[in-house]
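Please read the points below with the sequence and the structure side by side.

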Amino acid sequence: MSSRPSPGAADLLREMGSVLRLSEAEAAELQGDGQGDAGPPRSVDDETMIINMGPQHPSTHGVLRLMLELQGETVLRTKPIIGYLHTGMEKTGEDLTYLQGPTNVTRMDYAAPLFNELVFSMATEKLLGIDADIPPRAQWIRMLMTELNRISSHLLFMATNGMDIGAVSMMIYGWREREQVLRFLEKVTGLRMNHNYIRPGGVAADLPDGWREDVLALLKMIPPRLREYDILMTGQPIWRERLQGVGIMTAQEAIALGATGPVLRSTGVAWDLRRELPYLYYEQMDFDVVVGTYGDTFDRYAIRLDEIRESIRIVYQVLDRMPPGDYRIQDKKVTPPPRGRIDESMEALIHHFKIFTEGFKVPTGEVYVAVESPRGELGCYLVSDGSAKPYRMRIRGPSFVNLQTLPHMMRGGLIADAVAVISSVDPIMGEVDR
Amino acid sequence: MSVADDAGKAPAPGDETAPATPEARRYGVPATRSRDDEVLHPGRDQLAELVRTLRDDEGYAMCLDVTAVDYLAHPARPPLPPGIAPERFEVVVVLLSHVARRRLRLRVQVSEADPVVPSLFDVHPGTEALEREVFDMFGIRFDGHPDLTRILMPEDWIGHPLRKDYAVGKIPVQFKGVTNAR
């Protein structure tokens with residue numbers, strides 16, 4: 001395996017770093033008035049060219065826009081331009097009660113919504129001081145659902161990554177398998193995405209009848225399909241040629257840039273929060289943390305493929321050990337009364353009404369909680385002022401931080417490889433822009 | 001700044017309602033506990049040097065998060081150790097040590113009159129986008145940042161949305177045939 005040739009010493013001397021720090025106004029000035037036909041883009045010093053990629057581009061995963069400085073076909077510096085999907089969700093979160101909060105955060109990382117709900121609920125529970133009292137069944141259900149969500153998220157990556165690289169039929173296959181997983185999530189939560197299922201205090205509903213058979217059918221269906229992926233992609237000389245040695249990053253760079261998740265693990269750093277700082281019952285689970293060697297695009301692909309297999313292992317263990325019991329805490333402060341009680345008790349009706357209109361008060365304090373989402377460390381920083389709404393709700397989206405690695409991975413590569421590199425980071429723009 | 005000398009005086013784990021003792025110091029700065037998390041309270045001028053020392057000598061190799069809180073509407077805020085004067089803004093930095101498997105949180109008080117904090121870019125380049133976001137959302141400037149521009153809002157936006165004196169926007173919904181549009 002050899003890396004792509006570097007753009008040459010003269011260029012490296014002339015360039016400082018890989019991040020293009022040029023405002024949109026300056027870029028527009030370089031390229032004419034920005035209105036109508038401005039002619040071919042003029043270059044900074046007649047040797048390089050600045051072009052724009054996205055936000056409407058099939059391979060930029062939503063609305064990511066890149067400003068690329070090119071010399072011929074070689075990428076020199078890059079600036080990711082984000083914010084096209086910004087809807088002020090952190091501000092909105094300050095206006096919703098803790099019970100409404102999951103409906104908001106679930107829309108951030110829309111490929112892995114249950115993780116957002118999980119981290120928000122765990123942070124709220126820690127502020128309430130009930131994090132040790134959550135019933136075991138609720139925690140095991142959370143593990144089951146988030147691991148299945150990790151599988152569906154990685155399957156989505158398989159689909160989009162395949163399409164970006166040119167294995168277009170992969171798009172259909174990945175989507176097909178993901179849909180099967182989403183079907184189960186829909187059966188449990190009522191929705192394919194944006195579930196609002198994991199809530200402070202537990203989960204919204206118990207698992208439906210026949211859930212075990214459904215999960216077993218899923219777990220039986222996926223591994224043969226993964227072997228098909230191996231035939232279609234992993235072992236293919238074209239696929240390997242396209243990915244190996246492209247977008248290389250070292251462990252030092254990844255750590256300095258704050259990268260987490262598969263991006264960090266591809267550089268050989270075995271850091272997975274499920275193993276290193278376990279939450280829920282992950283310390284009882286038997287699974288492997290998949291790491292790469294070269295930190296290239298192929299490693300990031302292969303890690304996600306193998307993480308699906310590891311998640312399947314975890315789900316089998318969860319199936320074996322799912323305990324009976326409550327699926328939410330029986331703390332009257334947090335949990336509304338059962339539906340049946342509302343018909344016979346005025347107090348229960350009032351209680352139900354108050355919880356859903358006023359919410360519950362949370363003691364003052366601040367807390368940071370993180371879980372391992374399919375994209376890396378998903379953190380939630382909550383500040384409470386003692387009222388029923390968070391004073392500050394901050395979500396540390398792994399995609400947002402991981403995007404910073406793009407310029408470093410793309411530097412010196414071909415513009416055709418830029419697409420492969422973007423895809424390998426697997427950014428979800430809902431989480432980047434929030 | 002001495003680092004190891006007072007490491008043994010780490011505050012005992014406990015809830016933060018217990019008053020912070022004056023001698024609760026760690027890495028040379030006042031320290032508290034918040035729900036079992038370790039929190040340091042460096043001054044604004046100590047921040048960059050402290051983060052560098054933590055990275056080089058204590059293994060906190062990664063900066064996970066830089067964010068801020070505007071305490072305009074909640075001046076009481078989560079408790080501060082004695083000797084730390086509350087200010088309107090607070091910059092919150094989350095560090096991670098892979099070796100010790102521990103996170104560390106820094107809370108830095110930033111005044112409204114002079115909302116400037118030294119940038120951590122030279123220590124952790126990964127804070128570039130995070131500091132841009134804090135600048136965008138709170139108007140806190142980071143001294144020494146290579147490209148302190150808006151990141152999520154448009155370049156010509158006026159105001160800093162996550163400040164507490166910035167109202168939540170509402171767009172009136174027009175329904176057909178309704179006279180009293182709200």
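1. B:Arg26 stands opposite B:Val29, a residue of strand 2 of chain B. Strand 1 and strand 2 (residues 29-34) of chain B pair in the antiparallel sense over two bridges. Two strands pair if DSSP finds at least two bridges between them. Strands (E, at least two residues) and helices (H or I, at least four) are DSSP runs, numbered from the N terminus.

2. The model is predicted: local features need pLDDT of at least 70 and side-chain atom pairs count only at pLDDT 80 or more, while totals for chains, interfaces and linings use all residues. Residues are numbered from 1 along each chain as its sequence is written, and chains are lettered from A in the order in which they are written.

3. In chain B, six strands form an open sheet with the order 1-2-3-6-5-4 and mixed pairing.

4. Strand 4 of chain B pairs with strand 5 of chain B in the antiparallel sense over eight bridges. B:Phe89, in strand 5 of chain B, is the bridge partner of B:Asp70. A residue is buried if 20 or more other C-beta atoms, placed from the backbone, lie within 10 Å of its own.

5. Helix 2 (residues 127-138) of chain B lies across strand 4 and strand 5 (89-97) of chain B, at about 5 degrees to strand 4 of chain B. Such angles run from 0 to 180 degrees between N-to-C directions, with axes fitted to C-alpha atoms, for helices over the stretch in contact.

6. The largest nonpolar core has 148 residues, and B:Val93 is among those with the most contacts inside it. Such a core is a set of buried Ala, Val, Leu, Ile, Met, Phe, Trp, Tyr and Cys residues joined through C-beta atoms within 7 Å. Helix 6 (residues 136-165) of chain A gives the most to this core, with 14 residues.

7. Between the chains, 37 residues of chain A are in contact with 34 residues of chain B. Contact is counted if the C-beta atoms of two residues, placed from the backbone, lie within 7 Å.

8. A:Gly359, which follows helix 15 of chain A, has a positive phi, near 80 degrees.

Key: A residue is buried if 20 or more other C-beta atoms lie within 10 Å of its own, exposed if 12 or fewer, and partly exposed in between; C-beta atoms are placed from the backbone.
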